[in-house]
Amino acid sequence: MLCLIAKLDDTATETLAALRRALPGGAGRPLYGHVTLAAYTGEDEAGFLRGCRELLAGLSAFSLRIETLEVLEETSILVALPEKAGMLDALHRRLAARFGGELDKWTRDESWLPHVTLFYGPGADLPALRRQLDARFRPFSARVVALEFSRVLDPGYEIVDRVLLPD
């Protein structure tokens, strides 16, 4: 699987990482602050890369607003949710229009829920962890400074290409 992700600026990533560090065991692996825009499951990864680069031509860095924390029970994650609006939403709509049938069930069409994963915890009391973080969380603005192509590996990921977004 090849993903297109919106990379957040260092300040936003550190804000989210500080939240995660407040959780029991949250000081583990560093947070890679990003929002997944598309997870491509088709056969033509080179075509996906080319097509995305065409859609991204002329795009500048843009802002989004991280509004709330939520628990996504189906995938056992605690997340920070940006508004599904502005350039983030417009970019996803372009990707879904072009590649929708080849995107996974989480990133195609209206099923897409933009988020930054803070904690993965099957079996954990995620609602309690959310309540713990809610006391520290304040909505904030973040900048998307790059778009990256990430190959999902077992375990982890590998960044295979990057598009830096000028201001």
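How many salt bridges does the count come to? By the rule used here, a side-chain nitrogen of Lys or Arg within 4 Å of a carboxyl oxygen of Asp or Glu, the count comes to 12.

Before the individual pairs, the ground rules. This is a predicted model, so local features need pLDDT of at least 70 and side-chain atom pairs count only at pLDDT 80 or more, while totals for chains, interfaces and linings use all residues. Residues are numbered from 1 along each chain as its sequence is written, and side-chain values use heavy atoms, with hydrogens and water left out.

Now the pairs. Glu45 forms a salt bridge with Arg151, and the closest N and O atoms are 2.6 Å apart. Glu45 lies in helix α2, residues 45-56, and Arg151 in strand β6, so this pair ties together parts that are 106 residues apart in sequence. Glu45 is partly exposed at a relative accessible area of 24%, and Arg151 is partly exposed at 26%. On that scale, buried means under 20% relative accessible area, exposed means over 50%, and partly exposed is in between, with a 1.4 Å probe and protein chains only.

Next, Arg98 and Glu54 form a salt bridge with their closest N and O atoms 3.0 Å apart. Arg98 is in helix α3 and Glu54 in helix α2, so the pair ties together parts 44 residues apart in sequence. Arg98 is partly exposed, at 40% relative accessible area.

Helix α3 also holds a pair of its own. Arg93 forms a salt bridge with Asp89, again with the closest N and O atoms 3.0 Å apart. The two are 4 residues apart in helix α3, which means a separation of about one helical turn. Arg93 is partly exposed, at 45%, whereas Asp89 counts as buried, at 12% relative accessibility. Elsewhere, salt bridges that share partners join Glu70, Arg130 and Asp134 into one network.

A polar atom of the Lys7 side chain lies 3.4 Å from the backbone oxygen of Gly33. Not counting residues up to four places away in sequence, Lys7 touches residues including Tyr32, His34, Arg143 and Glu148; contact means heavy atoms within 4.5 Å.

On to the core. The largest nonpolar core has 48 residues, and those with the most contacts inside it are Leu4, Leu16, Leu37, Phe48, Leu95 and Leu147. A nonpolar core is a set of buried Ala, Val, Leu, Ile, Met, Phe, Trp, Tyr and Cys residues joined through side-chain atoms within 4.5 Å. Leaving aside neighbours within four places in sequence, Leu95 is in contact with Leu4, Leu37, Ala38, Cys52, Leu55, Gly100 and Leu103.

Cys52 brings us to the cysteines. The count comes to 0 disulfides, a disulfide being a pair of cysteine sulfur atoms within 2.5 Å. Cys3 is in no disulfide, and the nearest cysteine sulfur, that of Cys52, is 11 Å away. Cys3 is buried, at 9% relative accessible area, and Cys52 counts as buried too, at 0%.

Last, the backbone. Most residues other than glycine have a negative phi, and most peptide bonds are trans. Ser76, not a glycine, has a positive phi of about 60°. Ser76 lies in the loop between β3 (62-72) and β4 (77-82), and is buried, with a relative accessible area of 17%. Asp109 also has a positive phi, near 40°. Asp109 is found in the loop between α3 (86-99) and β5 (116-120), and counts as partly exposed, at 43%.

Which residues does a cis peptide bond join? Asp154 and Pro155, with omega about -5°. Pro155 is in the loop between β6 (140-152) and β7 (157-164).

Terms used. Polar contact = N/O pair within 3.5 Å; in protein donor to acceptor, adjacent residues only side chain to side chain.
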